[in-house]
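I set down each entry in the order in which I looked it up.

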Amino acid sequence: MGIHTGHRKRVKEKLLRQGTDSFLTHELLEAALFYAVPYQDTNPTAHRLLDGTDGLLGALTRDPQETLSVLGCGEHTAVLIRLLGELGRRGAAGTSAITLYDTREALVSLGMEIAREEAKEATWAVFLDNRFSLLGKTRIFEGYYASASFRPALIAEPALRHGASMVLLVSTHPDRGARVDPYERETTATCHRALSSVGLKLLDHLVVSGSIAASAMESATSRAKNSYRFYRFCNESLVLDEEGFL
Amino acid sequence: MTPFSFDAFKSGVMEGEIAGMTDRALLTALLTYGKQKEPQETSDRLLHTYRSLSNILRLSTRDLMSEGLSTHSALLVGLVLPLWGRALFDSFSLKEPLDTSSRTGAFLLHRFCGERLETVYLLLLREDYTLLDCQRVTTGSINTTTLNTRALAEAAVFSGASYAVLAHNHPGGTTIPSRNDILATQRIQETLDTVGVPLLEHYIVAEGEYLPLLEAQGTPHPKAPQGYYDKEYPCISLETL
C-alpha cells in the first residue's frame, strides 16, 4: 500500500475537522480538482494552475478553452475551474438579491413558511445577522413544549456557531391553533434573558398554526395576560386580529 | 423552469457564456460535480431558503449537510469562497507599501473576502510601511475580554515590526463601530504604544466597505504617514453610539 493510499479521504477529513484555514492554496485547489479528476494525483495540475502568469485569479477567470490548451486537462476540469471562479465572484460580490427579514411582515411570513413545511408540533430557531439577512435555521426540538426539557443552550449554541446577531423562534401548532400557552410565554421570557447574556437578540417567538400566527413575545410582555392577538395575511398585507378571531 | 442539462451547461461554459447563466444553473452544476443526488431540486431548495447564492456559499459544511447535502458536495460548496478569497489575496502586490488608507482598505477587502465569522487581523508593517506579516488574532467579537492584549504585544515585538494596524470585520453588517470596538481600540493602542509599535489605525470592514476608526473619531495617530487619509470618512463619536 503506497503512502498516497487514502490521501483524498484524509484531505476531506481534515477539511471537515479544521476548515480551509489550515490548507495552503495549492492544497485547496488540489482538493477542488478531486471533483473533476476522479483517480489521478491532482497536485501537479494545482501547481501548474498557480504557476500561470496571473496566478490563481487568472486561472479561475481564464477562458476555459485557454485552460484546456495551457493545462492540457480535460473539458470537465476546465469547466469546473471556470465555474469555481464565477461562483466565487458572484458569491463574494453578493450580486444576488438578499432578502432582509427586517419587518414584522417578513418575519411572520418566514414563520408561516416554516410551518407549511413542518407537519409536526416542533420549535425552530431562525438565525439572522445584524442586517436581518438569513444565516440558517435549525429544528431545535419536536413535541409539545411542556413535555420537552427546554434549555436556552439549545438555541444559543447553534446561534453562535452561525455567527448570528438575532434569533427568531417559531413553534408550530398544526393541530391546536395559534394560541400561546403559558409554558411558551414563560420560556420566551427565559430565552430572551438568556440570549441577551451572550449578546444575542431574540426578535420574537411566533406560534404558528396554518396561516395564523401569534407572538409569544407580545404575549409575555402584555399586561393583560388573557388577551390574544393574531397575525394573518389578507391580500398580501399583514392583519392583526384581536381575541375572538379563532 | 427549464430542466438542467449538465452537457448543455458544459458546452455553454466552453463557449464563454458563463457570465450570462443564472445562479440556479451554476449551483446545480456545482452540485452535479459534487455527485449530489437530485442536484436541481437541492439547488432550488437552497436558493428558496437562503434567497441568494452569496448566503449559500457562506454556510458552514455542517449547515449544508443539515440541508441534505452529502459530505462530498458540502465540502465542494465550502471551497468556493475560500478559493476566491485566496485568489484575490494572492493577486495583491505586497511589495507596495500600505501607506494610504485606500490601499490598506483594498488589501483588507481582499483579506476578509468570504470570512463568515467576525475575525480580527493584526497587520505588522516595516519602517517603509510594506507588509511584514498579517496575523489572524482571534475569531469572534472584538472586546477586551476575548482579545489577549499580551499576545498582540508579543506578536508585534517578536516580528520586529515598526507599525501595527488592526482590522476586524462585521459579517453581513455595516462599518458602524460598537462601543466595544472603540473601547478595545483605546486599550490596544495603549498596549502597542507601550511596546513601541504604534497602532496606526483600526479598520472595520463590512460588505465591500471599510472604515478607519481612529480617523473617523477624529484621533488619527501622529505617526501615520503624511497623506495617509486619501479619502473622506464619516465622523463617529462614542457619545452618539
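**Cavity**

I first looked up which elements line the largest cavity: α7 (104–117) and β2 (134–142) of chain A, together with α3 (39–50) of chain B, each supply at least two residues. Helices (H or I, at least four residues) and strands (E, at least two) are DSSP runs, numbered from the N terminus. I note that this is a predicted model, in which local features need pLDDT of at least 70 and side-chain atom pairs count only at pLDDT 80 or more, while totals for chains, interfaces and linings use all residues. Residues are numbered from 1 along each chain as its sequence is written, chains are lettered from A and ligands numbered from 1 in the order in which they are written, and side-chain values use heavy atoms, with hydrogens and water left out.

I find one cavity of 30 Å³ or more in the structure. On a 1 Å grid over the protein atoms alone, a cavity is a set of points where a 1.4 Å probe fits but cannot get out; a pocket is an open set with protein on both sides within 12 Å along at least five of seven lines; lining residues have an atom within 4 Å of a point. The largest cavity holds about 70 Å³, a volume being the space filled by probe spheres set on the points, which are joined across faces, edges and corners.

I list its lining as Leu110(A), Glu113(A), Ile114(A), Glu117(A), Leu134(A), Lys137(A), His48(B) and Thr49(B). The largest share, four residues, comes from α7(A). By class I record three nonpolar, two polar and three charged residues; Ala, Val, Leu, Ile, Met, Phe, Trp, Tyr, Cys and Pro count as nonpolar, Asp, Glu, Lys and Arg as charged, and the others, Gly among them, as polar.

I then turned to the largest pocket, with a volume of about 1100 Å³. Of its 39 lining residues, Gly19(A), Thr20(A), Asp21(A), Pro82(B) and Glu115(B) are the closest to its centre. α6(B) gives the most to this lining, with 10 residues. The lining divides into 17 nonpolar, 11 polar and 11 charged residues.

**Helix contact**

Last, I looked up α6 (residues 75–93) of chain A and α2 (residues 23–33) of chain B, which pack at about 130° with their axes 10 Å apart. Axes are lines fitted to C-alpha atoms, for helices over the stretch in contact, and angles run from 0 to 180 degrees between N-to-C directions.
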